[in-house]
Amino acid sequence: MTNSFRTLDDVDVKGKRVLVRVDLNVPMDGGKVTDATRLERIATTITEISNKGGKVILLAHFGRPKGRDDKNSLKPVAAALADVIKKPVAFADDSVGDVAAKAVGAMKDGDILCLENTRFHSAEEKNDPAFVAELAKLGDIWVNDAFSAAHRAHASTEGLGHKLPAYAGRTMQAELDALGKALDAPTKPVIAIVGGAKVSSKIDLLENLVTKVDALVIGGGMANTFLHAQGVKVGKSLCEKDLAATALRIIDKAEASGCAIILPVDAIVAFHFAANTPSHAYGLDAIPDEGMILDVGPQSIERINAAIDDAATLVWNGPVGAFEMTPFDRGTVAGAKHAAARTKAKKLISVAGGGDTVAALNHAGVADDFSYISTAGGAFLEWMEGKPLPGVEVLKK
């Protein structure tokens, strides 16, 4: 897929000021980074440009500040990044203006500089042309390595691509390659597993997927809405009853597209929403009126694993049960382990993404065994919905 995008293979960075948009939006506690996954991901791009003699100027946002706010400064993140890449990372107290210009002017080839949070300026999120021009003054080329922010048309994530020669960084390139193999030009048959609490947040996603995949497994609270639409009594389970017509429309669309919809055939039911509360497997014809479906049952797990066995490519977004609480993590863990084993055996290409999904796969201990895991939340979802991503479109040849 990345044949259609400009990458670092298409440019000589030596002696150039390279503005690199990265994702530094990492979890912090007491001024310390608690999960360096995103920093580790961008290390390849940063070190490659630095080693080739480019001046690496990092652009990123952190949090959702309304103006300058020390709680959202990138200074501690820049220090953590230096530890990860084993190279010094200088810091400038602004992303534009004299402070930034002086810091960039002092750089030697191979140096790395992190500019302050771009969102300290409201013009960043407005993609203000004047702000884009101010940023562009600091660089000769622009590299976008932040797929997770690619669904936003902001100054540093999209605007710069119209002012400077634009290229995909290695993290962006890996993401586009993995996603291309998953849905754009996949090895068939393709199965998607979509879970999570609500259908309302994933209508566009489901509408797009049923036209792209051969089978769609629906789990989590979302499945209850589909079961209710088909006349199944779901007791006190999480269920968007007002979306029954939407669920039926998606089922009809799937049928017209030749996509098999796989819903639970049994369920683990409890009477309290709490970890380790007493629970029992029920058939769908016998869900108690006071009960809550909190996970797929053993027969449903067998069906999900059989669907994975039939697939050459798997796209996964969202857990199939309340995985944060034992024992309602069993369905998600079983499916994840089965997919991981198939992937390790070279029988499956597995791509997963979305915050809860990454947490669930880590919980199952198989995150490293999937073909690719996207750390992007909103951008991954919008890509699955079939929407063009501004920060990706601008990189096309």
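Student: What makes H12 stand out in the lining of the largest pocket?

Tutor: H12 supplies four residues, the largest share of that lining. Helices here are DSSP runs (H or I, at least four residues; strands are E, at least two), numbered from the N terminus. H12 spans 355-364, and H1 (37-51) and E17 also give at least two residues each. Bear in mind that this is a predicted model: local features need pLDDT of at least 70, side-chain atom pairs count only at pLDDT 80 or more, and totals for chains, interfaces and linings use all residues. Residues are numbered from 1 along each chain as its sequence is written, and side-chain values use heavy atoms, with hydrogens and water left out.

Student: How do you know how polar the lining of the largest pocket is?

Tutor: By class: Ala, Val, Leu, Ile, Met, Phe, Trp, Tyr, Cys and Pro are nonpolar, Asp, Glu, Lys and Arg charged, and the others, Gly among them, polar. That gives eleven nonpolar, 14 polar and ten charged residues. In the second largest pocket, the lining has 17 nonpolar, 14 polar and six charged residues.
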